[in-house]
Amino acid sequence: MVSRVIPVDTFDLVIFGGTGDLARRKILPGLYVRFLAGQIPEDARIVGAARSEFDDDGYRSFVSESIAEFVAKSKQDKTAISEFLKCIHYVPIDALGKGGWPDLAKLMRLDTIRAFYLSVGPRLFGPLAERLHAHGIANDKSRIVVEKPFGRDLKSACALNAVLAESFEEHQIYRIDHYLGKETVQNLMAVRFGNILFEPLWNSQYVDHIQITVAETVGVGGRGGYYDKSGAMRDMVQNHMMQLLCLIAMEPPSTFEPDAVRDEKLKVIRALDPVESHEIVRGQYLEGENGASYQIEAENPDSHAESFIALRTHISNWRWNGTPIYLRTGKRLRARVSEIAVVFKDPPHSIFGPQEGRRGNVLVIRLQPDEGMNLRVTIKEPGPGGMRLIEVPLDMSFAEALGNDGDDIPDAYERLIMDVIRGNQTLFMRGDEVEAAWAWTDPIIAAWEDRHDKPKPYDPGSSGPEDSLMLLHRDGRRWREIR
Ligand SMILES: NC(=O)c1ccc[n+]([C@@H]2O[C@H](COP(=O)([O-])OP(=O)(O)OC[C@H]3O[C@@H](n4cnc5c(N)ncnc54)[C@H](OP(=O)(O)O)[C@@H]3O)[C@@H](O)[C@H]2O)c1
């Protein structure tokens, strides 16, 4: 199955932080791949902006190297690359300085979509928004894309929303969470709301519990300094995991319009119960064969930041009353896996005897690796020997369904940037959503700080601290294996 490409209108896109890691690894390669697919018009302008002194040609070499390094070899087409590079420009600008703005203004065309991607540290979000406005570069047709982290608590997120609101309307602001750009995440909505099959069962009457796991094998590495000030709660739970939780638990929106979807997500966040201290386990990885301990990598021997977190929460509404939702994320764990598992209840009565046919179905939505969905169903074990039942997966790997090795599945950044150009905010967080997520997160973090909570140590390559297993054992449940 070849995916259909719908070209976007021409645009001027400025990437602030155009020389940074994210631009090099994701944004620029992603734009090239969309260009190759025929989605980006040849007269589009892509302007890198940062303090480094490049001219257009120097920056084109930078872009060309990033394509060589981060785009699949099968997609590196010489002619397409040289055509793409004609779209590339560069303007040296210090976000905190005065120079460069008139040059940038000259590159912007009248009556063309303008997008400004702030791929810089969060302290520059406000100054850049202000300067774009003050120099008349931002207009009614402009969109501004803001990277994470969006604040580090409710107060700072409100302050950032207020600064952005001085220069941009909410419908122009795109707060990016790349998890929402993943094929599977959108498929989650297609599966839930495009089929009659699941929705009648999607509630506390039939769902025993939900598990969301985002496990990484890597440690904090070179990001130790940043990570130590945030920890897993701020880095993963408040944003990515909260968004996944919203999509899995929200009510069907009346339309697929951005605000209709985001209204429903917001209701989920606002209905989340506060989390008690006995419902959370924090962890920090120890030294192992493949690397140093968290504290050494973070260069903070007294660090109390968590590299692992597991928690139980509930959504106080009619649909989910009594259904626990377990979230778990961590670094240096046994395997790299991101998945949502909806664990259904056992059938109420087994006609096959007490031991048979009492296993609930599990729907697993995999975000990585191998994006896809898998539904475990009970069938009869083949062959003679009576009615013995086994569980087998009904498996749908998107890569297989799309007919090749997955190269046709656009990377999350590719999809999200194209949505910005189209002006579609459905997969971006609204200001009130982000604030509500911080309002839920803040008391949890404050409680740790009040009691100087220390994370539990865990071995690298494990599933996290023992106590996290107990969190489910106490409820008579088990985590799915991280593998
Ligand atoms: N890297 C990732 O995988 C990733 C993932 C998710 C989110 N993010 C977020 O994306 C943003 C960028 O991350 P990154 O990893 O690309 O950071 P980075 O590698 O440190 O790059 C920062 C960029 O900002 C530019 N910059 C710094 N100070 C500036 C100033 N005063 N004026 C203009 N430009 C300035 C730098 O270029 P010059 O030094 O040339 O000025 C560079 O291009 C951050 O908010 C980060 O949290 C990154």
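**Entry 1. Salt bridges**

I began with Glu381, which forms a salt bridge with Arg388, the closest N and O atoms being 3.3 Å apart. I count a salt bridge where a side-chain nitrogen of Lys or Arg lies within 4 Å of a carboxyl oxygen of Asp or Glu. This is a predicted model, in which local features need pLDDT of at least 70 and side-chain atom pairs count only at pLDDT 80 or more, while totals for chains, interfaces and linings use all residues. Residues are numbered from 1 along each chain as its sequence is written, and side-chain values use heavy atoms, with hydrogens and water left out.

I checked the accessibility of the pair: Glu381 is partly exposed at a relative accessible area of 28%, and Arg388 is partly exposed at 34%. Here buried means under 20% relative accessible area, exposed over 50%, and partly exposed in between, with a 1.4 Å probe and protein chains only.

I next looked up Lys265, which forms a salt bridge with Glu433, the closest N and O atoms being 3.1 Å apart. Lys265 lies in helix H9 (residues 258–270) and Glu433 in helix H13 (residues 431–450), so the pair ties together parts that are 168 residues apart in sequence. Helices (H or I, at least four residues) and strands (E, at least two) are DSSP runs, numbered from the N terminus. Both Lys265 and Glu433 are buried.

I then turned to Arg480, whose salt bridge with Glu339 has its closest N and O atoms 2.5 Å apart. This pair links distant parts of the chain, with Arg480 in the segment after helix H14 (466–473) and Glu339 in strand E11, 141 residues apart. Arg480 counts as partly exposed at 27% relative accessibility, whereas Glu339 is buried at 8%.

I also noted a network of salt bridges that links Asp259, Arg262, Asp263, Arg430 and Asp432. The count of salt bridges comes to 35.

**Entry 2. The six-stranded sheet**

I traced an open sheet of six strands in the order E3-E2-E1-E4-E5-E6, with parallel pairing. Two strands pair if DSSP finds at least two bridges between them. Strand E3 (88–92) and strand E6 (173–175) stand at the edges with a single partner strand each, so one side of each is left without a neighbour in the sheet. The twist averages 20° from one strand to the next; axes are lines fitted to C-alpha atoms, for helices over the stretch in contact, and angles run from 0 to 180 degrees between N-to-C directions.

I found five bridges joining strand E2 (residues 45–50) to E3 in parallel, and Gly48 stands opposite Tyr90 in E3. Helix H1 (residues 21–36) packs on the sheet, touching strand E1 (11–16), E2 and strand E4 (113–118). Contact means heavy atoms within 4.5 Å. The direction of H1 makes about 170° with that of E1.

**Entry 3. The nine-stranded sheet**

I traced an open sheet of nine strands in the order E14-E13-E12-E11-E7-E10-E9-E8-E15, with mixed pairing. Its edge strands are E14 (389–397) and E15 (456–458), each pairing on one side only. Six bridges join strand E9 (residues 308–313) to strand E10 (residues 325–330), which run antiparallel, and Phe308 stands opposite Gly330 in E10. Helix H8 (residues 224–249) lies across E7, E9, E10, E11 and E12, running at about 140° to E10.

**Entry 4. The protein as a whole**

I recorded 14 helices and 15 strands in the protein. Buried residues make up 55% of the 483 residues.
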